[in-house]
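Open the model in a viewer and keep the sequence panel beside it. The stops below say what to select and what is found there.

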Amino acid sequence: MRPWPGTPYPLGATYDGVGTNFALFSEVAERVELCLFDAEGKETRYALEEVDGFVHHGYLLNVGPGQRYGFRVHGPYDPKRGLRCNPNKLLIDPYAKAVSHGVKWDESLFGYKFDNPGERNDDDSAGHVPYSLVANPFFDWGNDRQPKRPYNETVIYEAHVKGMTVHHPFVPEALRGTYAGLAHPAVVEHLQKLGVTAVELLPVHQFVTDHGLAEKGLTNYWGYNTIGYFAPHDSYAAMPGEGGQVQEFKGMVKALHEAGIEVILDVVYNHTAEGNHLGPTLSMRGIDNEAYYRLVEGEPEYYMDYTGTGNSLNVRNP
């Protein structure tokens with residue numbers, strides 16, 4: 001099956017009830033492949049031949065919510081010039097609205113060989129990098145309205161989605177530490193009794209447990225290591241099934257709004273989980289390194305690191 005042309009906007013995967021439009025921005029890509037995966041991990045590739053304004057796009061009929069996908073970007077690989085395309089690396093869609101499971105750390109995730117950093121690593125990373133997921137955009141918001149309480153009347157409660165309810169005795173065990181748990185009546189009533197008018201959630205975007213932590217059997221608890229800015233973190237969902245985190249997150253927001261409580265998100269826009277020049281190639285690095293990240297002038301092999309986190313997003317690039 002050959003993709004229909006589709007549209008260059010919006011970026012990411014957009015389901016319309018019949019099929020899904022896929023769109024990916026890359027100035028350096030010579031060719032982009034959309035990769036679909038079934039439940040057993042079998043991969044089917046489709047070339048996105050339509051390109052408008054550096055956006056590679058295509059539309060597939062009968063592809064809907066829950067579909068696993070990723071991209072492979074063919075283009076120049078020359079790290080010393082800041083170019084890091086490698087089609088052997090499956091890449092997370094930066095605009096994915098849902099992502100499945102965490103990173104399964106393996107040398108194939110890196111663009112270089114561990115025993116020789118100057119040698120390109122062409123091992124396939126599929127099976128180790130998380131899948132992007134087509135999300136269901138439809139949700140019954142009912143009569144939901146933003147509370148829009150004036151700032152001078154706002155009382156903010158900062159909370160961690162998991163930490164807020166993981167040991168809560170009045171929240172059902174299956175819902176503890178989840179979006180649904182945060183929306184449970186016992187939690188909502190507690191917030192109302194305190195006079196809270198807004199909850200500010202620590203990072204809920206899809207994040208990665210660093211390689212070093214994983215090697216020690218630890219996890220990233222706080223979430224300040226984002227890899228998917230538009231995707232609710234999957235491990236905070238109680239709802240079974242891939243992509244269910246989106247529906248559950250919306251349900252949480254709706255329940256809090258009904259109680260007159262606004263939802264504020266703590267977002268880390270300064271860096272991503274791909275780290276410095278020795279970090280993994282998970283997404284933006286392999287799509288268009290120079291477009292997405294700020295590189296050291298005169299030494300584009302390296303990243304500007306303003307916050308000690310390895311890289312800095314190039315937010316001045318439109």
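Select β14 (156–159), β15 (198–201) and β18 (262–265). These strands form an open sheet in the order β14-β15-β18, with parallel pairing. Two strands count as paired if DSSP finds at least two bridges between them. Helices here are DSSP runs of H or I with at least four residues, strands are runs of E with at least two, and both are numbered from the N terminus. The edge strands are β14 and β18, each pairing on one side only. On average, neighbouring strands of this sheet are turned by 25° against each other, direction ignored.

This is a predicted model, in which local features need pLDDT of at least 70 and side-chain atom pairs count only at pLDDT 80 or more, while totals for chains, interfaces and linings use all residues. Residues are numbered from 1 along each chain as its sequence is written, and side-chain values use heavy atoms, with hydrogens and water left out.

Stay with β15 and β18, which pair in the parallel sense over 4 bridges. Which residue of β18 is the bridge partner of E200? The partner is I264. Contact means heavy atoms within 4.5 Å. Axes are lines fitted to C-alpha atoms, for helices over the stretch in contact, and angles run from 0 to 180 degrees between N-to-C directions.

Next, select helix α3, residues 185–194. V187, V188 and L191 are buried in this helix. Buried means under 20% relative accessible area, exposed over 50%, and partly exposed in between, with a 1.4 Å probe and protein chains only. Seen down the axis of α3, the buried residues fall within an arc of 100°, so they line one face of the helix. The arc is that of the directions from the helix axis to the C-beta atoms. An α-helix has 3.6 residues a turn, so residues three or four places apart point the same way.

Move to another sheet. This open sheet has 5 strands in the order β4-β3-β7-β13-β10, with antiparallel pairing. β4 and β10 (99–100) stand at its edges with a single partner strand each, so one side of each is left without a neighbour in the sheet. Colour β3 and β4 (residues 43–47): they pair in the antiparallel sense over 5 bridges. Their hairpin has 5 residues between the strands, and G41 there takes a positive phi near 90°. On the other pairing to inspect, β7 and β13 (residues 131–133) are antiparallel over 2 bridges, with R68 and L133 as bridge partners.

Now pick L36, which stands opposite T44 in β4. Its contacts include F22, Y46, L60, V63 and Y69, not counting residues up to four places away in sequence. L36 is also one of the residues with the most contacts inside the largest nonpolar core, which has 48 residues. A nonpolar core is a set of buried Ala, Val, Leu, Ile, Met, Phe, Trp, Tyr and Cys residues joined through side-chain atoms within 4.5 Å. Elements giving two or more residues to this core include β1 (12–15), β2 (19–25), β17 (226–232) and α6 (284–292). The largest share, 5 residues, comes from β3. A second, separate core of 22 residues includes V196, L201, Y236 and I261.

The UniProt record, in an unreviewed entry, places the feature "domain: Glycoside hydrolase family 13 N-terminal" at residues 10–96. Over this range the chain is 0% helix and 51% strand.

Finish with some backbone details. Most residues other than glycine have a negative phi, and most peptide bonds are trans. The peptide bond from Y9 to P10 is cis, with omega near 0°. N62 is not a glycine but has a positive phi of about 60°; it lies in the loop between β6 and β7. At 71% relative accessibility, N62 counts as exposed. H101, in the loop between β10 and β11, has a positive phi near 55° and is partly exposed, with a relative accessible area of 22%.

Key
UniProt positions are given in the numbering used here, feature names are shortened, and annotations may be inferred rather than shown by experiment.
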